[in-house]
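Student: Please take one part of this model and go through it closely. I would like its partners first, then its surroundings.

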Amino acid sequence: MRAMVLKEFLELRRDKRTMAMIVVLPMVLLLIFGYAASFDVTSLGTQVVGPRAEQAAAQLKDPFDVTEVDPSANADDAEDRLRAREADVVFVTGDDGAPVPAYIDGSDLFAAQSAQAAVARLGGAAVPRVLFNPDLKTSWVMVPALVGMILAFIGTIVTAIGLVRERAAGTLEQLAVMPFRPVDVIAGKIVPYFVLASVDMILVTVLGCLLFGVPFSGSVFVFALGAALFLFAVLGIGVLISTLSQTQGQAMQMALMVMMPQILLSGMIFPLESMAPGVRWIGYLLPLTWFNMIANGVMLRAAPISSLWLPLLVLAVMASAIFAAAVLRFRRDLAPRMPTVPPVRQEAG
């Protein structure tokens, strides 16, 4: 028995990836939950519009962070600004002394709940009006995020494990001696996963809308474009993981280490606004964070492409960079391993 125990410890010491999983993952989870696990939104992006905008803005205190005062704007402008995600709350003042309606973006569940409570503390001076998710249903916010999580799961974990399995079976070794470019091989490998993930995305989106009454208010084209860019990014991550792994177990471990931060730091569970600045910036480096912005904006707020250009651009850059890195890394694995035959020397005479 003692020999078996020593053997297992020696194997673990040689398996650096497993040791990293055992040591690093608990530390990562501790830091994430310590600095990110908060549902409290302490600052609300606020705009005040209407004839008495300056007077009303002067009376607002924390958590309302007034970023713009526009006396010329009206209620329609307030809704457009919330749709474009320019603010969490927009107060619309009038000429008379009637209570001021406070338009709240209901697509951001935690910020909306904090805004409702803060408006209630103002007494009768303001009346909350929640847009895009009037009843603040959790399912309306979670279904768009779950679409992204499912795409990330298929693109990262399934792709990584599938390619590692082919390496173990010797399929990739056969491709090394065939006239294929690395980009052709990667494209051929990820297209089936892309199609599978697209079908799952459609099924989850349709079922979410039917079963939970989640609206799909925006453009199907913008949603599909964001999903395609996000899929290319996570598929590239899966290919990169497969090039760094020798076994399916290692691929699963690395994929989980990539997936955990994406789920916890993308705003899907904990609001980004409540995270510590350092942890929040990690969230902005994750593809799922930007896809959640697109899915939430299209489905709940009918956000136009003009207001979603930044997450679309970020995903396009991420997808290009990750895919290029996957091709370069994969090129080394597909380099021909044929033995070099020395040239035959001809003897004189």
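Tutor: Strand β1 (residues 44-49) pairs with strand β2 (residues 64-70) in the parallel sense, over six bridges. Two strands count as paired if DSSP finds at least two bridges between them. Helices (H or I, at least four residues) and strands (E, at least two) are DSSP runs, numbered from the N terminus.

This is a predicted model, where local features need pLDDT of at least 70, side-chain atom pairs count only at pLDDT 80 or more, and totals for chains, interfaces and linings use all residues. Numbering runs from 1 along each chain as its sequence is written, and side-chain values use heavy atoms, with hydrogens and water left out.

Back to β1. Strand β3 (residues 89-92) also pairs with β1 in the parallel sense, over four bridges. Thr 46 shows both pairings: it stands opposite Val 66 in β2 and opposite Val 89 in β3.

β1, helix α3 (residues 53-58) and β2 form a right-handed β-α-β unit. Right-handed means that, with the strands pointing away from the viewer, the path from the first strand over the helix to the second runs clockwise.

Now the cover. Six of the six residues of β1 are buried. Buried means under 20% relative accessible area, exposed over 50%, partly exposed in between (1.4 Å probe, protein chains only). Leu 44, Thr 46 and Val 48 point one way from the strand. Gly 45, Gln 47 and Val 49 point the other way.

Next, the core. The largest nonpolar core has 69 residues. Such a core is a set of buried Ala, Val, Leu, Ile, Met, Phe, Trp, Tyr and Cys residues joined through side-chain atoms within 4.5 Å. Helix α6 (residues 138-169) gives the largest share, 12 residues. Phe 64, Phe 91, Leu 151 and Phe 291 are among the residues with the most contacts inside the core. Phe 291 touches Leu 151, Phe 223 and Phe 230, among others; contact means heavy atoms within 4.5 Å.

For contrast, take a loop. Ala 125 sits between α5 (109-120) and β5 (126-131). Ala 125 is partly exposed, at 46% relative accessible area. Pro 99 is 26 residues from Ala 125 in sequence but 4.9 Å away, C-alpha to C-alpha.

Last, confidence. Mean pLDDT, the predictor's confidence in each residue from 0 to 100, is 83 for the protein. Of its residues, 84% reach 70 or more. Residues 336-342 have pLDDT below 50; beyond near neighbours in sequence, this stretch has five contacts in the model.

Terms used:
Lists of a residue's contacts leave out its neighbours within four places in sequence.
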